[in-house]
Each structure stands twice: as C-alpha cells, then as structure tokens.
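The questions below concern a protein chain, and each answer sets a value against the term that is used for it.

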Amino acid sequence: MGESMQGLHRTHRCSEVSNKNIEQTVTVMGWVQKRRNLGSLIFIDLRDRSGLLQIVFDQNSVGDAGFEKAGTLRSEYVVAVVGKVQKRSAAVNENLKTGDIEVIAESLRILSEAETPPFPIEENSQTKDELRLKYRYLDLRRPDLQRNIIMKSKVMGLVRGFMEKEGFLEIETPMLQKSTPEGARDYLVPSRVHPGKFYALPQSPQLFKQLLMCSGYDRYIQIARCFRDEDLRADRQPEFTQIDMELSFVDVDDVIHVNERMLQYVFKEAIGVDIQLPLPRMSWQEAMDRFGSDKPDTRFGMELVDVSDVVAGCGFGVFTGALENGGSVRGINVAGKGAMPRKKIDKLVEFAKGYGAKGLAYLSIQEDGAYKSSFAKFMSEETLHALVGKMDGKPGDLLLFAADQNKIVWNVLGALRLEMGKELGLMDENAYNFLWITEFPLLEWSEEEGRYMAMHHPFTMPMEEDWEKIDTAPGEVRAKAYDIVLNGTELGGGSVRIHRNDIQEKMFEVLGFTKEKAWENFGFLLSAFQYGVPPHAGLAYGLDRMVMHMVHADSIRDVIAFPKVKDASDLMSDAPDLVDGKQLEELGIAVMPEEHKED
C-alpha cells in the first residue's frame, strides 16, 4: 500500500541537489535504485529522470519507525524523503553528479510499492529486446533511454525556437487526408459517416504545406507525425516524426542557408558540437561515382575507381560483357587486406550477390608484389599492371571489382565499401560529417512499372537548363532536389517545387498520368495553382534519425518512447488487434478470413 503526498512538495530533482545545498533541508522523490543495509545505517540510491542521489537512514535522525520502514524498501519502490544535505562521509563517487554529497533522512514516505521487475533497470541493458519492449514502461526508466528521450525533447525545442526567430510559423496540417497513389502504402481509416469511404493517415504533409505557400504564409514549419505502411527494415518505423518546412520566394541556396544555420545552432546547443559552415556540397553524379551511394559516409576514403577504360577489350568476359551492355567496371582498394583468406573473400562474394551482383572479381597484391587473382589468367601482364596502377594498388592491398549496369555496380561497391569500413574500424564515431547532395535525377526508370517514376515526388522542379531534354532524354534531366546527409545517413531531403502549370502538366504526362487522372488525385493542389502561386521550396528531416546520431544510439527505437517492432506491432499494448464486431458493422466493414490454399 502507498501513502499519499499529504501536502508534501518536492524541492529538488535528485541530481539538482549539490554541495551548494549543504546543511539545507530538501524534499526529494523518486524510485529506489538499490538498498544497502549495514545494520546501524541503511543506504539507498534514489533515482529520477535527472540522476541518482544517495540517501542515508540513521536511527538517530529518522527515528525507530522510520528506520524500520527504510528496512522494507526494495528496488523500484516510489518514495518521498525529507532530509538534510551533508558532505559525503565515505569516499566521493567521481562518476556521479551528486557523488560528493548525501542526504541524511529525517522522514520517509513510501508512496508506492513495486513488484520485482522482470529485468534490472540499468544502463546498457543486456536484456533481450522483446522482453524490454513488452515492459517498455520499465525499460523507459533506464537512465540511458531517459537521456535519449530528454535529448529529443530538447532538440525539438531548439528547432522551434530557432525557426520562430527566422520567421517560420508553426501550422498543423490534417491527420485525416485523402489517399494518394504515389510512393509507399497509406494507412487507411474508415469513415462511419461516409460508408465505404476512407481517409488516409499522412505519409508527409507535402500537399498541405504547398497549399500554405499558395495561401501566403511564406514560411511554415511543423514537427509532424507521419505514417507509412511499408515492409519494415531494421531502422524503419510505421510512424515517425518529421521536422517539416516550406518557404516561399526562394531557390535552392536560400533553403540550404537557413538549414545550415539551424543545424549549426541545434548541434552546438544540444551536444556541444561545432559545425563549420558552409557545409560541403556534392552532386548526385559525383557521389555515385566516388562512393556508390547518394548518402555517402565521407569519414573514410576507399573511394570507387572506374577502370572501364583500362579493361576494355582485356579478354576477361565478365568485364568486357558488362561494357558491351552499356555498363561499367569499377573497383575499391581495401588497403592492407591483401592476405585475406579465400574463405573470407568468398563471404564477400556472397555479400555482393545480396546487392544484385552476379559475382565479385578480386586481385590481392602479395607483400612481394606478386598478384593472386580470380581473373589474372585472362589478362595480359601489361593490362594487369595498368589496372593495379589505376587502383593505386600497393603490396598488401586487396582490390575488389564489380562489373554490371552502373546502378548495380554502385549498389554493390557502395555497400561493400561500408562493410569493409566498419570491419576495419575506419569510421570515427565522434566525427559529424555533414554533406549536401544536390542535382538528383528528376526521374528514374522503373522496370516493374515500365515507365519513368519521380525520384522524389511529382512536384519537384527540374533544373531549368535541362528542361529541354524532357522529351528526348528524360533520364538526363536533373532536379532541383537536395538531401542533407550525416555520416552515411540521409537526415533529410527536399526540393524546389514546380509552381508553373505548364511544367506540372508536362511532368504528369511524363509520369504516365492522364490529365483526368492527375486532377482526380491532386485536383485541389492544381486548382490552387490557378490562383497565383509563389515559387516555393521545402525540406523535411527525420527527427528520430537526427537524434539517434546525436546520442550515438544503435537504432531509432532507442529515441522513440513507444516504438513498434519489425512487423509493425507493439509488444506492450498488443496493437494492432481485432476490434468488436459491432464497431465493424457500424463502419460497414466485413473482415474476410484468409483463404487457406490447398497444399
């Protein structure tokens, strides 16, 4: 049974008590982290979101009844203690903010008792994820998780404060929207009032923020919840938070400048990291050619090298075949790994196949300068030397090559580069390498759909100097799109939007939309564009991803209070779940049992 507060008021959080309060009486409240009974003295570590504070129960100061009560305390009991702050009688604990003081208890109230938790509440818990997520309310008491969640709150406050000074207005957009066909799947919400019709939860506030620009609000920001019903990968969540913004009367540089200053401010204030401005920029083409990725991790080298010219007509069918089919041959130099055992190289070949490669060619340079290679016998000595020269190969190096269509070669070597970088410990964990990627392709060809798809979305403005190629070479048209990348993670992305009707209509045509179809899906936006629309552009960050990097968490789950697991379910509340038949009836929905196919 717990006692009530009865007019007791907390004066300090645990780690707010310091040696400045010595000889003062304080009232602190929190959870019992652990209890040590030394017979004549009982010590407890009291924990709240601010940290730990040592409380000492001495019969003389707390009385017999109080001392007896202190003897019943267990882990996770919630207590209130009134007592006097003293210099610590034993050795100072350097690892603790309150390590030089203790509170000599004068009274104790047990506000709530607790059962033994299913796992210890401690930093860097070794408990299985499933168990921790089932009892997430206990997991969230762990100091490291609490620090993450507090950091996220702090970042949101800093972003809001900075953007307000820059003239941004925080405006909410609807959660219940119309479903749109492009991109990932929508979560649908049935309407009771309109039987058979559905709302969609927003994948992003895209159309509404553009409408706000049409309505003259000039600069909009929102920390917005977004929903995507996609097949989850390790670091995706079905619901996540975006720092979403849109600006009027701007071009690419204007958006980049305000965002650079915002990032500089937030990283300095939140974690004390100094970001040098301006941030480097790199075109999409350069990023793909050098790193095989449109979100390159620039904390280490091992860049891709195009060796197509060296191996043209070299006699090795894998290389020449790729070139004849319009592809390329590229390689990376894994310095100092020439002695890698064959078994390990075979594993890398399997890894490469996972990214679409048919195989992986390798050449290791022995310490004596001799070559060991999967393809040397097909090539002249001269071509081999030229190839090693182009790769800047030295004795002890391992050269890995992929030959295929550019897209596959980039994918394979980009992933392999990161894998080797991790394995060799080449990434500095404390570095923050920001980078803007610009000039993305406007369109990408989809084999599945047999048509061009928008690489970002159908409202992205093409670069004016490329627009004339829209009919003759649509794949070569670059977009006014930009991503902000940090240490190999895309933190955010955006673009200048199309504000001209002629360009928008042409864009829909290229994407295979009829005029009727475009109006059916985006009518309200296209209609708004007929009444005077300013040039506008925007950007959205994944807030969870940003904070994950700031706190060095392994997953975005560690910065979300109540995350879902890989199959988009919540282990704690058992969502999603069946609903009452009566509810379904009201909505006019029948749930069909899954057909069990014959074996």
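Predicted model: local features only at pLDDT ≥ 70, side-chain atom pairs only at ≥ 80, totals over all residues.

Q: What makes a residue of the protein chain count as buried, and what percentage of the residues do so?
A: A residue is called buried because its relative accessible area is under 20%, and 48% of the 599 residues in the protein chain count as such.

Q: Why is the set that includes Val155 and Phe267 called a nonpolar core?
A: The name applies because its members are buried residues of types such as Val, Met, Phe, Leu and Tyr, joined through side-chain atoms within 4.5 Å. The largest such core has 103 residues, and among those with the most contacts inside it are Val155, Met245, Phe267, Leu400 and Tyr541. Helix α6, residues 252-271, gives the most to this core, with nine residues, while a second, separate core of 24 residues includes Cys14, Ile44, Val103 and Ile110.

Q: How do you know that Leu400 is in contact with Leu348?
A: Contact requires heavy atoms within 4.5 Å, and Leu348 is listed among the contacts of Leu400 beyond four places in sequence, which also include Arg330, Ile332, Tyr362 and Leu416.

Q: What kinds of residue make up the lining of the second largest pocket?
A: The lining divides into six nonpolar, five polar and 13 charged residues. Asp and Arg count as charged, and Arg142, Asp144 and Asp558 are among the residues that lie nearest the pocket's centre. Helix α4 gives the most to this lining, with seven residues.

Definitions and conventions:
Residues numbered from 1 in each chain as written. Heavy atoms only, no water. Buried < 20%, exposed > 50% of the residue type's maximum accessible area, 1.4 Å probe, protein only. Helix = DSSP H or I, 4+ residues; strand = E, 2+ residues; numbered from the N terminus. 1 Å grid on protein atoms, 1.4 Å probe; cavity = no way out; pocket = protein on both sides within 12 Å on 5 of 7 lines; lining within 4 Å.
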